[in-house]
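Hello,

Here is the structure I promised to pass on to you. Have a look at it first, and then read my notes below.

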Amino acid sequence: MTALADAFARARAEERAALIGYLPAGFPNREDSVRLMRAMVEAGVDIVEVGLPYSDPLMDGPVIQAAADQALRGGTTPADVIAIAGDVAKTGAATVVMSYWNPVERFGVEAFARDLAAAGGCGVITPDLTPEESAAWAAATREHDIDRVYLVAPSSTDERLRTVSDACTGFVYAASTMGVTGARSSVSGAAEALVARVRRVTDLPVAVGLGVSTGEQAAEIAAYADGVIVGSAFIRLVLDAPGIEEAESSVAGLARELAAGVRRRRIDAGPVT
Amino acid sequence: MASKNVVTSEEVAKGHFGPYGGRFVPEALTAALDGLDEAFAQAMADPGFHAELERLQRTYVGRPSPLTEAVRFGQEHCGGARVYLKREDLNHTGSHKINNVLGQALLTVRMGKKRVIAETGAGQHGVATATAAALLGLECVVYMGEEDTRRQALNVARMRLLGATVVPVTAGSRTLKDAINEAMRDWVTTVDETHYILGTVTGPSPFPTMVRAFQSIIGQEAREQVLAAAGRLPDAVAACVGGGSNAMGIFAAFLDDPAVRLWGFEAGGDGVETGRHAARFAGGAPGVLHGARTYVMQDEWGQTVPSHSISAGLDYPGVGPEHAWLHDTGRAEYAPVTDAEAMDAFERLCRTEGIIPAIETAHALAGAMRLGRDLGPDAIILVNLSGRGDKDVATAARWFGLPAVDEAAEGR
Ligand SMILES: Cc1ncc(COP(=O)(O)O)c(C=O)c1O
């Protein structure tokens, strides 16, 4: 059982959804990014998603773009990202990397899976890689026991949901809405319908991301999904904080609010196979 | 190495060109790309679609575009070779971009969508898209790097006159690459009612295949015209390569003529050795950018490296995946042309032929000068004159030290 499966199983045993927190590696700098991610874990984040900053993040809104930019200007490399993921994994939280595809391919598909596994990471989310282009990646991740997480979207056909879910291990990432990352005042109603459709084709856990920023939204999603993913809202707090102390305490504060949110409503039905 | 049929139909159907192409996009776009694929296939099989496109090409664009023998330019600057210019500059809106745009705009209407978006570098694709949107009653938003809105101010004004909204993009290098990111972000959010009219043979499948199909009229016409004018096929075909649509459009008709050498000229900027260029083949490596695997200018970690060129339309760190495959198989050859060489060719064409080319196109003309000197006076060289230089007058005046063009006169 991988650390990811473990994290979802633990949450399920507690009749709640898992909380997944995203921050880019190297933002605001290397050391502080690890500090912030550790603070997330202490405050109740179950799974940490370490973002690999990329020059052309076409699925990201302005907040993540700004953070990735800052991390890149600080010289963050994919090797640093893997090392940072390793540091975060030492907290005991399941740690995955989120990366656009070109940096992984450039690093070497096999080497990326190998080095991440050696560092203690347990999975990779690839927002612009489709199962059709994944032959080498599937082999490398299988070899090194790294989970492969792909995204599904409200526009995905049923056939597509099956193809993508079949290619996933660990969990399925359901994009709540048609759009890019960024906090929204309400999470689209499309998410619940999408999760229900995904459940018909897989018994993997399904986590919902894009637009989640409050404990209230987390509670709402926790009623029907196995995981709640939050990114831009954490970054916003860091961007707005005058210093790292303040950033750390507001990140921890939001993590606590979200952790309470995912515990407020229980999952009413297990997955249908 | 030059195989006759470079790409099998099966590979094209899957959107691959050897190891290149494919689809590397957020899942949210998969359904739209599948829908586009299907709409395109249905349109291609529908005589009504062809008739409508043909009518617009004839009565609106002014096709067929003429073939002009550039006698003095060939004699004086191309080693005496016979040089023929395929006059895409004479199309309505001033470049080859309109060929692709009309095809995709008609598809937009067929798909029942009411809004189009586009990226633009030189502004020619943006102007063509704004034009077709006006013609067909579609809402139009064009994303353009802020740097490019400055150097192509005339085209920004044209788009606005045509009723389009121009959004200057301030992210990253503020050029074409960043405009494409922003257009993709718009598309992923609005895909139900919006079609993204991508302007070149890049991007996820089916764009490279579809744009090539709509541009292939250039080569079809040119092949017949050269045969009629010269009695034989050319020895070489030259085109500039930004994303590569004018090049694919003219190459397509000659892929099965192994004796015809196909030459693509990329922007060498200040020189490939300076790192300030847009030469993906001379200075890039295979990777993934904007939805396709192709040659990409990138650092050792796979981060895109900003490109540089005097020509906004060639200032792009990626290239169409079919060109990557033509490069690797050796069927087409690619070489960089510096800013200085391009501007030299620009001036020579102005002075010998009375034609002011786009600066993008001037790269192909500089390439033809090299080819002519190499191949000698018996050679026939066909050049795709992809666009006219009105938009570049201010840049050229600055380059040649002429009195500055009044910016108000440029339409700012
Ligand atoms: C006149 C002209 N030629 C060439 C290009 C380059 O594009 P492509 O390589 O797709 O033909 C442009 C792009 O803006 C252009 O305006």
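This is a predicted model: local features need pLDDT of at least 70, side-chain atom pairs count only at pLDDT 80 or more; totals for chains, interfaces and linings use all residues.

One of the ligand's oxygen atoms is 2.9 Å from an N or O atom in the side chain of His96(B). Lys97(B) also reaches the ligand: a polar atom of the Lys97(B) side chain lies 3.1 Å from a ligand oxygen. For Asn246(B), the distance between an N or O atom of the side chain and an oxygen atom of the ligand is 2.8 Å. On its own the ligand has 390 Å² of accessible area, and the protein covers 98% of that.

Now please turn to chain A and find helix α10, residues 215-222. Is this helix mostly covered or mostly open? It is mostly covered, as 6 of its 8 residues are buried. The buried ones in α10(A) are Gly215(A), Gln217(A), Ala218(A), Ala219(A), Ile221(A) and Ala222(A). What do they pack against? In chain A, their partners are β8 (206-209), β9 (227-230) and α12 (244-264). When you look along the helix, remember that an α-helix has 3.6 residues a turn, so residues three or four places apart point the same way.

Enjoy exploring, and write back with any questions!

How values were computed: Residues are numbered from 1 along each chain as its sequence is written. Chains are lettered from A and ligands numbered from 1 in the order in which they are written. Side-chain values use heavy atoms; hydrogens and water are left out. Buried means under 20% relative accessible area, exposed over 50%, partly exposed in between (1.4 Å probe, protein chains only). Helices (H or I, at least four residues) and strands (E, at least two) are DSSP runs, numbered from the N terminus. Contact means heavy atoms within 4.5 Å. A polar contact is a pair of N or O atoms within 3.5 Å; within protein, one must be able to donate a hydrogen and the other to accept it, and residues adjacent in sequence count only if both atoms are side-chain atoms. Accessible areas come from the Shrake-Rupley method with a 1.4 Å probe; for residues, only the protein chains shown count as cover.
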